[in-house]
Amino acid sequence: MSLSCCKTFSVTWFVGGVLTLSGAAWVAWHYWPKSTDTPTKIIDPGPANRREETPVPLVRFTDITKDAGITFVHTNGLTEKKLLPETMCGGVAVLDFDDDDKPDLLFVNACPWPGQANRQRQLPGDGPPTLVLYRNLGNGKFQDVTKEAGLAVTMFGMGATIGDYDNDGWPDLFVTGIGGNRLFHNSADPSGANGRRFVEVTASAGVAGPGGWPQRNTGDFFLWNKPICFSTSASFLDYDGDGKLDLFVCNYVQWSPAYDLSIGNKIGGKERTFGQPKQFEGAVCFLYRNEGGGKFTDVSKESGVQVFEPWGTDPDAPSRAVGKSLAVIVCDADEDGWPDIFVANDTVRNFLFHNRAGKDGRRVFQEKGIYSGVAYASGETRGAMGIDWAPFYRKGCNALLITNFSNEPDTFLCQDQLKRLEFKDEAKPEGIAGPSRIPLKFGAFFFDYDLDGRLDFLTCNGHLDPSIKKLQPAQSYEQSAQLFWSKPNEGFEPVTEQAAGSDLFHPLVGRGCAYADLDGDGDLDVILVGNGGPALVLRNDNNLGHHWIRFKLKGDGVHSNRSAIGARIVLETKDGEQRREIAAARGYLSQSELVATFGLGKTEKIQRLTIHWPGKDGGTTVMEKSEIGKLALNKQHTIEQGGK
């Protein structure tokens, strides 16, 4: 932590004393939505908010968690002290760690605070909570291989991102958390899980982040008043186009247990509530450049991803960090061949880091959130949580989805002039604003769940405080997910239990979520994570008879990274064009599979496939006529850069 950051944090202590006196007002602002008629299951928006009726296809989601052998229960370290990180954690990542073309699942776990016993339910004989890795055995079954894979690691984890940073052909793992982050290299080991084991290389790589855990024998952890690293979402990307994956890390706020406890939010003057983000100073994001040889360099400052503003109007006023970053999506928003970065910030403006050439020839970022229309929604900041990108969700239009706090609708930013960094919030005309307003939305992703060729989206929802009903009787701690179906002509339709089944809408304290074709049948299954509760794995039972095709890309490891993160895929049929971008983070604290799925509906022929490989010399692969005819529908295909 730089000296300037520490000075900023000390000023926050003074402000915190003032906020303690007005804590009830802050709680009222952040916890009390205007609506007073919220049901436990937030599914049907009601006649007042419902758009013109459109038949939603019947695609059932079936809870297979228990039958699949997934017993993960998330630990959040919850205590009566209600420290902010306890309510924010719970990510999931999809990875094929053993390269058998069956997606595996990694659940990111937290742990009790130092000196605190684990009060949450665990299985008999379990030790301290750890990360949990499940290997996909096929036939709908998973096996816990955490220990064999070297991931029985206890940490206060938040999120994860997957990518082959050393281009050896095997996906590596980066996990964010409170008190520092961890990088794990996927290595060959005959005694490991299916011959693979993750080895921690955080120290040698130089990506831990500042402000780690207090050393032992420092006294009561809850009295610790120095800033502790509070990283959230992260994403691998190749920002400089050299074929090696770099690493971008979001950081939430400047946090310590002592400062958190100094904030005097109380229910009825007695029971403590969680502190609010406006009561904490912001933090800056990290960007690590991959130097090769397993080494990274922190280029956060010179690259332009650290955003500061003056504290006051005095010309000599000190600067403070602007961001309170929770989620990131990396995409080539202007299609210039260089990845840009969108960041969702909680209660402050959102960021768009535009990738451009610096004066010395190196790639740098220019923050353009305000000028592009990304920073605010309806001219105001919101409690932004999750984020995802939908290229060409409608003909000639890209979309950026940002999930927000309760009583704040999802932000749905449309880019209707491709290659121009100009966005406009279309949540209301798209039929999203009304239905999405009430719940507290965290995780999010676009996916074509019915394989009709149009991108739908899902949000994973849940409130912050188990005592929320004491503050707002109409709200609930556990909330149901929301699924929006993309209508054929315009707008989205909220999906109900009648169309998708009740399992998808089982209430939970939703945080991270992801999608993957877990059973190899072509449609996309869903994984939801509940903060302090069990995970939910839902099989997509699509019986509509729609065609599909899936692509697993492999970069050559020289011109493009092996994971093909940052690749853009354009698929053309008689019905038009679809696009996908390979991203190493989606939604909130989570990553979905890197395989790209295209739903084709009743279409039986592909006319052209174009792959724009990542990297400054990545090049383009175009398949048409006889080549494209060799790609069978309803199959997954592996395409290697420069190969056949």
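This is a predicted model: local features need pLDDT of at least 70, side-chain atom pairs count only at pLDDT 80 or more; totals for chains, interfaces and linings use all residues.
1. Contact means heavy atoms within 4.5 Å. Leaving aside its neighbours within four places in sequence, Val-145 is in contact with Phe-97, Leu-133, Arg-135 and Ala-193. The residue sits in the loop between strand E5 (141-144) and strand E6 (156-163). Is Val-145 buried or exposed? Its relative accessibility is 4%, so Val-145 counts as buried. Val-132 is 13 residues away from Val-145 along the chain, and the C-alpha atoms of the two are separated by 7.8 Å.

2. Next, the protein as a whole. The chain has 644 residues, and 63% of them count as buried. The secondary structure consists of 11 helices and 39 strands. Among the contacts with a separation of 6 or more, 65% are between residues 24 or more positions apart.

3. The largest nonpolar core holds 37 residues. Which of them touch the most other members? They are Leu-183, Phe-236, Ile-549, Phe-551, Leu-553 and Leu-609. Several strands give two or more residues to this core, including strand E10 (231-237), strand E11 (246-251), strand E14 (286-292) and strand E33 (547-554). Strand E34 (568-573), strand E36 (596-601) and strand E37 (608-612) also give two or more residues each. Another core, of 29 residues, lies apart from this one; among its residues are Ile-228, Tyr-252, Leu-464 and Tyr-588.

4. Phe-551 can be followed in detail. Not counting residues up to four places away in sequence, Phe-551 touches Leu-571, Val-595, Ala-596, Phe-598, Leu-609, Leu-631, His-637 and Ile-639. One of these, Leu-609, is also listed with Phe-551 among the core residues that touch the most other members.

5. Asn-251 is worth a check. Asn-251 lies in strand E11, and its relative accessible area is 3%, so Asn-251 is buried. What does the side chain of Asn-251 reach? At 2.9 Å there is the backbone oxygen of Val-284. Val-284 is also one of the residues in contact with Asn-251, leaving aside neighbours within four places in sequence.

6. Of its 5 residues, 5 are buried, so E28 is largely enclosed by the rest of the structure. In a regular strand the side chains alternate between the two faces of the sheet. Gln-482, Phe-484 and Ser-486 are on one side of E28, Leu-483 and Trp-485 are on the other, and both faces are covered.

7. E28 has partners to name. Strand E27 (residues 456-461) pairs with E28 in the antiparallel sense over 3 bridges, and Thr-459 stands opposite Gln-482. Strand E29 (residues 492-494) also pairs with E28 in the antiparallel sense, over 3 bridges. Here Ser-486 stands opposite Phe-492 in E29. E28 and E29 form a hairpin with 5 residues between them, and Gly-491 in the turn has a positive phi of about 85°.

8. An open sheet is formed by 4 strands. What is their order? The order is E1-E32-E31-E30, with antiparallel pairing. Strand E1 (60-63) and strand E30 (510-516) are the edge strands, each pairing on one side only. From one strand to the next the twist averages 25°. E1 is joined to strand E32 (residues 536-541) by 4 bridges, and the two run antiparallel. The bridge partner of Phe-61 is Asn-540 in E32.

9. Most residues other than glycine have a negative phi. Asn-194 has a positive phi of about 50° although it is not a glycine. Asn-407 also has a positive phi, near 65°. Asn-194 is found in the loop between strand E8 (182-193) and strand E9 (196-200), while Asn-407 is found in the loop between strand E23 (397-402) and strand E24 (411-415).

10. Asn-407, with a relative accessible area of 15%, is buried. The cut-off for buried is under 20% relative accessible area.

Definitions and conventions:
Residues are numbered from 1 along each chain as its sequence is written. Side-chain values use heavy atoms; hydrogens and water are left out. A nonpolar core is a set of buried Ala, Val, Leu, Ile, Met, Phe, Trp, Tyr and Cys residues joined through side-chain atoms within 4.5 Å. Buried means under 20% relative accessible area, exposed over 50%, partly exposed in between (1.4 Å probe, protein chains only). A polar contact is a pair of N or O atoms within 3.5 Å; within protein, one must be able to donate a hydrogen and the other to accept it, and residues adjacent in sequence count only if both atoms are side-chain atoms. Two strands pair if DSSP finds at least two bridges between them. Axes are lines fitted to C-alpha atoms, for helices over the stretch in contact, and angles run from 0 to 180 degrees between N-to-C directions.
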